[in-house]
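Hi there,

I'm passing on the structure we talked about, with some notes below. Please have a look when you get a moment.

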Amino acid sequence: LTTFTDEARIALDTLSGRATGLFSPSLRLGVTGLSRAGKTVFITAFVHNLIHGGRLPLFEAQKSGRIARAFLEEQPDDAVPRFQYEDHVAALVDQRIWPDSTRAISELRLTIEFESASGWNRMFSAGKLSIDLVDYPGEWLLDLPLLGKSYDDFSREALELARLPVRADLSEAWRELAATVKPEADADEMTARKLAETFSAYLKACKDDERALSTLPPGRFLMPGDLEGSPALTFAPLPGLGQRARPGSLHAMMERRYEAYKTHVVKPFFREHIARLDRQIVLIDAMQALNAGPGAIADLERAVTEILACFRPGRGNLLTDLFSRRIDRILVAATKADHLHHESHDRLQSIVRRLTDRAVARANLSGAEVDVLALAAVRATREGTVKQGRDTLPVIIGTPIDGEAIGKERFDGNSETAIFPGDLPEKADVVFQDFGTNHRQDANDPTIRFVRFRPPRLERTTEGVTLSLPHIRLDRALQFLIGDHLA
Ligand code: GDP
């Protein structure tokens, strides 16, 4: 019965959301991606460029001068933290440091007043659109498959994955500890806590490992949000389950907490946030993966497949069906393209397209229109050339972050430097070769020289107005994500 009322309520919420949408047009845009993919920087640049009338030649409404103004308004959901836009702008623009990354869900409402392109629409519509930007960790999205899994299935699968050769060393401490406990023994808080701690240390180690292993659920173990230390997060898979849990046993305790995690964490998150999204951008850090080699690219593809699968309708779950039917456009974007010379931007985009096409096919995604893009939400570099003997090499110029180094050269965070970033291969296929291994090929080495730069210095006009943040192809993202709503 609970499930039914739950789902009936979502249906009502979704419908009433749509109905009210008629009176005050709004668009809920989800921004996700695994940690450090660039969500915070993307939202900040998105809003900053709209508010400050940035250079957006491929964003039609702006280019044709139909945007009267864009401004922040109070968000509709009082219980969701606000995206700290002002703090992030201050960090980027005034201090020239990258803002604090996404740790939990947050929201920001940007309202655009515009003149409709068609005379007909001009007569009937107020020319106002509110965009609710919803920033949330991709790690949380990957919890969706847990809804269809019992605790025993979850335990079995987690152990199977942990024993795989790529993970065996990282999971050893947890597996050893888990092997010493008896699921049928009496429940004990300290045992539960120790197991949860070592299990979550293992998940974090996978994340931090240079093999860039794909993210495993539960997502809150990696990004706890405000749930750190709560019983719903104090569980772990157990080995050797087979019988039904005896009441009062460790098995029963873990099972109850796992179910609590699903009921009190995963379901409300999908119901209250994800089910109401209209559009979605999935940011990926393709640069880091390219830098780490084909094994990491394969892994990134797995992660994108898992994320896109969450948006597939018809999983037989009313909760997920509702939101996945509602989402009509998904953009998969590799940000940080400013680490490459513009000659490689299209190549980066082809790599992302290849990866996304395969992920869409594997995830069996249908219904939503999917597009891909290589962009830099904030462009930290400019381009130039350097003469080397008879050759002229294309370079990128920026201020490397204090402590960054190339070979023996260390940077202090104050001086500009020119870097030859390397080329991406002409054919996207090359970076997908040697799946599963981490060795790099000498010929067609896809490795790029990757140095983190400080955010760019912004010019101020004589009136003291700060110009908008520079970017690469952010306008294309805007056109795909919101352009049609401003027609
Ligand atoms: P989040 O965890 O998804 O919120 O990731 P952030 O938006 O905080 O980005 C993580 C880091 O990636 C930042 O601190 C920057 O170092 C880098 N980054 C993100 N976007 C860009 C970009 O457009 N250009 C450059 N050069 N670096 C970026």
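His-273 touches Val-80, Ile-105 and Pro-268, leaving aside residues up to four places away in sequence (contact means heavy atoms within 4.5 Å). His-273 sits in the loop between α10 (250-272) and β5 (279-284); helices (H or I, at least four residues) and strands (E, at least two) are DSSP runs, numbered from the N terminus. With 11% relative accessibility, His-273 counts as buried (buried is under 20% relative accessible area, exposed over 50%, partly exposed in between, with a 1.4 Å probe and protein chains only).

Before you read on: this is a predicted model, where local features need pLDDT of at least 70, side-chain atom pairs count only at pLDDT 80 or more, and totals for chains, interfaces and linings use all residues. Residues are numbered from 1 along each chain as its sequence is written, and side-chain values use heavy atoms, with hydrogens and water left out.

Now to the salt bridges. Counting a side-chain nitrogen of Lys or Arg within 4 Å of a carboxyl oxygen of Asp or Glu, the total comes to 28 salt bridges. Asp-484 pairs with Arg-279, with the closest N and O atoms 2.9 Å apart. This joins distant parts of the chain, 205 residues apart: Asp-484 is in the segment after α15 (474-482) and Arg-279 in strand β5. Asp-484 is partly exposed at 35% relative accessibility, while Arg-279 is buried at 1%.

Asp-484 also forms a salt bridge with Arg-329, the closest N and O atoms being 3.7 Å apart. Arg-329 belongs to strand β6 (residues 329-334) and Asp-484 to the segment after α15, so this pair ties together parts 155 residues apart in sequence. Arg-329 is buried, with a relative accessible area of 17%. A network of salt bridges links Arg-279, Asp-328, Arg-329, Glu-369 and Asp-484.

Another pair is Glu-301 and Arg-358, whose side chains meet at 3.1 Å, N to O. Glu-301 lies in helix α12 (residues 294-309) and Arg-358 in helix α14 (residues 345-363), 57 residues apart. Glu-301 is buried at 0% relative accessible area, whereas Arg-358 is partly exposed at 25%.

One helix pair to look at as well: which residues bring α2 and α4 into contact? From α2 (residues 39-51) they are Thr-40, Thr-44, Val-47, His-48 and Ile-51, and from α4 (residues 85-95) they are Tyr-85, His-88, Val-89, Leu-92 and Val-93.

Best wishes

How values were computed. Axes fitted to C-alpha atoms, helices over the stretch in contact; angles between N-to-C directions.
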